[in-house]
Amino acid sequence: MIHRNLTIALIAAGIYLGGAFALKAAEHAGAISHATTIRAYAVFTGLALAVYGNFLPKSIGRLRSPVADMRMQSVLRVSGWAFMLGGIGYALTSLFTLSSAIPIALLASATAYVLGYSVWAFMECSSSKQERRPT
């Protein structure tokens, strides 16, 4: 029996690839232009990232300590919010004929925020462990 998460991931990948193939087929049939295909694919990618960001906080396993569990849950919540908002921003800015640097900058800023928060959270966790150790 296939694990439930693997099944969901394979279905999501199939939908993502099916959407990309449908866009390319519509472009080759002459129904839409190449620019519209690229823009629609970027919107599709942004929405997929937003959905992934929504599921991210729900994917925590068991860690070794309650403090590490709390830090990881905090990092996953922040990551979920940042990537959901970044994905929606990417999708919305991809709808318009703006420079491609704007949607990429939105995702880069979300990623930088998540990385910075993750480093801070885990450095805070390791420093709190060092303070509690008897000397």
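1. Helix H2 (residues 34-55) packs on helix H3 (residues 66-95) with the axes 7 Å apart and at an angle of about 165°. That angle makes H2 roughly antiparallel to H3, because angles over 145 degrees count as roughly antiparallel. The crossing of H2 and H3 is left-handed. All of this is read from a predicted model.

2. Next, the residues of that contact. On the H2 side they are Arg39, Ala42, Val43, Thr45, Gly46, Leu47, Leu49, Ala50 and Gly53. H3 contributes Gly80, Phe83, Met84, Gly87, Ile88, Tyr90, Ala91, Ser94 and Leu95. By class, the H2 contact with H3 holds 11 nonpolar residues, six polar and one charged. Arg39 is in the H2 set, and Arg counts as charged.

3. Helix H1 (residues 4-28) packs on H2 as well, at an angle of about 170° and with the axes 9 Å apart. That makes H1 roughly antiparallel to H2. From H1, the contact takes Ile15, Tyr16, Gly19, Ala20, Leu23, Lys24 and Glu27. From H2, it takes His34, Thr37, Ala40, Tyr41, Phe44, Thr45 and Ala48. The classes here are eight nonpolar, four polar and two charged.

4. Which residues of H1 are buried? They are Gly19, Leu23 and Glu27. H2 is included in what covers them. As for the spacing, an α-helix has 3.6 residues a turn, so residues three or four places apart point the same way.

5. H1 has 25 residues and reaches 36 Å from first C-alpha to last, close to the 36 Å expected at 1.5 Å a residue. Gly30 follows H1, and its phi is positive, near 90°.

6. With 22 residues, H2 reaches 32 Å between its first and last C-alpha, close to the 32 Å expected at 1.5 Å a residue.

7. The buried residues of H2 are Thr37, Ala42, Val43, Gly46, Ala50 and Gly53. They pack against H1 and H3.

8. Is Ala35 buried or partly exposed? Ala35 counts as partly exposed because its relative accessibility is 44%, and the buried class requires under 20%.

9. Ser100 sits in the loop between H3 and helix H4 (101-132). Its relative accessible area is 54%, so Ser100 is exposed; the cut-off for that class is over 50%. The C-alpha atoms of Ser100 and Arg39 are separated by 9.9 Å, although the two are 61 residues apart along the chain.

10. Finally, the overall picture. The protein has four helices and zero strands. Along the sequence the pattern reads α-α-α-α. Of its 135 residues, 27% count as buried. Among contacts between residues at least 6 apart in sequence, 62% join residues at least 24 apart.

Definitions and conventions. Residues numbered from 1 in each chain as written. Predicted model: local features only at pLDDT ≥ 70, side-chain atom pairs only at ≥ 80, totals over all residues. Heavy atoms only, no water. Axes fitted to C-alpha atoms, helices over the stretch in contact; angles between N-to-C directions. Helix = DSSP H or I, 4+ residues; strand = E, 2+ residues; numbered from the N terminus. Parallel < 35°, antiparallel > 145°, perpendicular 65-115°, else oblique. Left-handed = near helix turned anticlockwise from the far one by under 90°. Contact = heavy atoms within 4.5 Å. Expected span 1.5 Å × (residues − 1). Buried < 20%, exposed > 50% of the residue type's maximum accessible area, 1.4 Å probe, protein only.
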